[in-house]
Amino acid sequence: MLGYKLDKINLVFQEVLGIYTELKNYNGLAATKNNIADLFKQQGDYQSAINNYTDALALFKNKKIICGLLMF
C-alpha cells in the first residue's frame, strides 16, 4: 500500500515540476527535485534518487539558493 501512495505522490511532484518550470521558479524546482529524490530513496531506487539529488544540488548551486534564501 505504501508503494502505491508513493507513486501517486510522485505523479503530483511531476505535475509541480511542470508548473515550476513554466514559472522559472528555481527554488521550487530544486526543492521538488529533492523531494522526488527522497521518494525514490524510500522505494529503494537509489540511482534515481542520486540523479534527482544531483539535479536539486545543481539548481541550488546555480541559483545560489540556500534553505529558501537567495544569496547575493
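# A guided tour of a predicted chain

Begin with the whole structure: a search finds one salt bridge (a side-chain nitrogen of Lys or Arg within 4 Å of a carboxyl oxygen of Asp or Glu). This is a predicted model, where local features need pLDDT of at least 70, side-chain atom pairs count only at pLDDT 80 or more, and totals for chains, interfaces and linings use all residues. Residues are numbered from 1 along each chain as its sequence is written, and side-chain values use heavy atoms, with hydrogens and water left out.

**Stop 1: the salt bridge.** Select Lys33 and Asp55. Their side chains meet at 3.2 Å, N to O. Lys33 sits in helix α2 (residues 26-43) and Asp55 in helix α3 (residues 46-62); the pair links distant parts of the chain, 22 residues apart. Asp55 is partly exposed, because its relative accessible area is 35% (buried means under 20%, exposed over 50%, partly exposed in between; 1.4 Å probe, protein chains only).

**Stop 2: the overall fold.** Colour by secondary structure. The protein chain has three helices and two strands. The pattern along the sequence is α-α-α-β-β. Helices (H or I, at least four residues) and strands (E, at least two) are DSSP runs, numbered from the N terminus. Of the 72 residues, 26% count as buried. Now show the surface. The chain exposes about 5200 Å², and carbon and sulfur atoms supply 61% of it (Shrake-Rupley method, 1.4 Å probe; for residues, only the protein chains shown count as cover).

**Stop 3: the core.** Select Leu6, Phe13, Leu17, Leu29, Ala30, Ile36, Leu39, Phe40, Ala49 and Leu59. These ten residues form the largest nonpolar core: buried Ala, Val, Leu, Ile, Met, Phe, Trp, Tyr and Cys residues joined through side-chain atoms within 4.5 Å. Helices α1 (2-23), α2 and α3 each supply at least two of its residues. The largest share, five residues, comes from α2.

**Stop 4: Phe40 and Asn10.** Centre on Phe40. Beyond its neighbours within four places in sequence, Phe40 is in contact (heavy atoms within 4.5 Å) with Asn10, Asp45, Ser48, Ala49 and Asn52. Move to Asn10, in helix α1. Is Asn10 buried or exposed? Asn10 is buried, since its relative accessible area is 19%.

**Stop 5: helix α3.** Its 17 residues should span 24 Å at 1.5 Å a residue, and the end C-alpha atoms are 24 Å apart, which agrees. The expected span is 1.5 Å times one less than the number of residues. Select Ser48, Ala49, Asn52, Ala56 and Leu59, which are buried in α3. Seen down the axis, the buried residues of α3 fall within an arc of 100 degrees, so they line one face of the helix. The arc uses directions from the helix axis to the C-beta atoms. These buried residues pack against α2.

**Stop 6: Ala56.** Zoom in on Ala56, also in α3. Ala56 is buried, with a relative accessible area of 1%. Ala56 and Ala31 are 25 residues apart in sequence, yet 6.8 Å apart in space, C-alpha to C-alpha. Neighbours within four places aside, Ala56 is in contact with Ala30, Lys33 and Asn34.

**Stop 7: Lys24.** Finish in the loop between α1 and α2, where Lys24 is found. Its phi is near 55 degrees, a positive value in a residue other than glycine. Lys24 is exposed, with a relative accessible area of 58%.
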